[in-house]
Amino acid sequence: MDLVGACRAFVYVSERGSFTVGAAAARMAQSVASRRVAALERHLGQRLLERSSRAATLTPFGRDMLPLAADLVRLADRLEHEAEAARHRPLRLAVPATCPTGALARLIADARGNGLLLDPRPAAPEERAGLVQSRQVRAALLALPPAEASWTVPLGLAVAHGPESGEGPMYLDTLRPGRADRDRRPRRVWLQAEDDVPHVRDCLVRLRDAVGLRPTQLALASGLAAAAADVLSHGDALLCSPAQARQLGLHWRPLGELAAGLARGYALAAADEADAVRIRESCAAGIARCLGAGAAAGADAAAGADAAAGADAGADADAAAGAGAAADAGVAP
């Protein structure tokens, strides 16, 4: 017997005092409502309603059972509502704030085409690690050293004007102030919040000190637009990816002192392995496009391990970022 359906018929008929009106309100045929109430009476062992040609009235047993039957119907309706909402609840993914809006839109659209409702949430590196640990998001792209990453993004310096001959490297020591620059503001290298992580920041601090730049010449940008404006107006340089440089209309050049290059690294962390598998299968190419990335050499191996790391990987990344920020006194605010 369909207990919920029988209780629904009983509740609607009882509240309206009529099989005809109650059945219509419950969106079922009168004959179906009658059969369901009769089946419920047989199941419970006593009559629930007294039937006449004009009305249906509760028996004493029916009055006792009606509140419980109504509760069961309400709970069943709530269960169906919650199940429908859960089926349409998007999978929230914490992503770098550097991801372009257009690329995120394509990522969402591609995921929908693969049956995945994705809700990207831009956040800073340490925030992304915290969000996946606290399960405020179901997955996150964590900032990791390139050797441990599934996606890597090359970093270089974006400047207002390119070199006269090609797009060769830019050497950081060319920013070292000379005697003629004593009374002028020295040119700076602006670091984005996305790159304020140990494997990027500490490398640049060491390079800054090695080539003799002032401490204030490596500075953390308060915002991308302001940093780009300083590049255009003061001749500064912005540490960024080639894709970001193109979006800003700047010239991107690799760092000359770093033969091995400098890069961001990312890996997927998820609290649930099934979520990680769905994201990788549906969105790997779209994520790379959002990051402006190519796959790292160890991408295939990392892809099998990144979700398994899950929240533990997020905790390690969060701790590393926090420790690096606390230890670093070399990047100007």
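Student: Start with the largest pocket. How much space lies in it?
Tutor: About 180 Å³. The model is predicted, so that value is computed from predicted coordinates.

Student: Which residues line the largest pocket?
Tutor: The lining is made of Ala97, Thr98, Ala123, Ala124, Pro125, Gln192, Ala193, Glu194, Ala221, Ser222, Gly223 and Leu224.

Student: And how do the lining residues divide into nonpolar, polar and charged?
Tutor: Seven are nonpolar, four are polar and one is charged. Glu194 belongs to this lining, and Glu194 also forms a salt bridge with Arg128.

Student: How far apart are the closest N and O atoms in that Arg128 and Glu194 pair?
Tutor: They are 2.9 Å apart.

Student: Is Arg128 buried or exposed?
Tutor: Arg128 is buried, at a relative accessible area of 0%. Glu194 counts as buried too, with 5% relative accessibility.

Student: Zooming out, how many salt bridges does the structure hold?
Tutor: It holds 14. One of them joins Asp236 and Arg185, with an N to O distance of 2.6 Å.

Student: Where do Asp236 and Arg185 lie?
Tutor: Asp236 is in the loop between helix H8 (224-234) and strand S9 (237-240), and Arg185 is in the loop between strand S6 (151-159) and S7. The pair therefore ties together parts that are 51 residues apart in sequence.

Student: What about burial for that pair? Take Asp236 first: buried or exposed?
Tutor: Asp236 is buried, with a relative accessible area of 0%. Arg185 counts as partly exposed, at 34% relative accessibility.

Student: Which residue does Asp209 form a salt bridge with?
Tutor: Arg208, and the closest N and O atoms are 2.9 Å apart. Asp209 is partly exposed at 47% relative accessibility, whereas Arg208 is buried at 4%.

Student: Which residues do shared partners join into one network?
Tutor: Asp196, Arg201 and Asp202 are joined that way by salt bridges.

Student: Where does Arg201 lie?
Tutor: Arg201 is in helix H7. Its relative accessible area is 0%, so Arg201 is buried. The side chain of Arg201 also makes a polar contact of 2.8 Å with the side chain of Asp196.

Student: OK, where is the place of Arg27?
Tutor: Arg27 is in the loop between helix H2 (19-25) and helix H3 (30-44). Arg27 is exposed, with a relative accessible area of 80%.

Student: And what phi has Arg135?
Tutor: Arg135 has a positive phi of about 60° and is not a glycine. Arg135 lies in the loop between H6 and strand S5 (139-143).

Student: Does Arg135 count as buried or exposed?
Tutor: Exposed, because its relative accessibility is 60% and the cut-off for exposed is over 50%.

Conventions: Residues numbered from 1 in each chain as written. Predicted model: local features only at pLDDT ≥ 70, side-chain atom pairs only at ≥ 80, totals over all residues. Heavy atoms only, no water. 1 Å grid on protein atoms, 1.4 Å probe; cavity = no way out; pocket = protein on both sides within 12 Å on 5 of 7 lines; lining within 4 Å. Points joined across faces, edges and corners; volume = space filled by probe spheres on them. Nonpolar A, V, L, I, M, F, W, Y, C, P; charged D, E, K, R; others polar. Salt bridge = Lys/Arg side-chain N within 4 Å of Asp/Glu carboxyl O. Buried < 20%, exposed > 50% of the residue type's maximum accessible area, 1.4 Å probe, protein only. Helix = DSSP H or I, 4+ residues; strand = E, 2+ residues; numbered from the N terminus. Polar contact = N/O pair within 3.5 Å; in protein donor to acceptor, adjacent residues only side chain to side chain.
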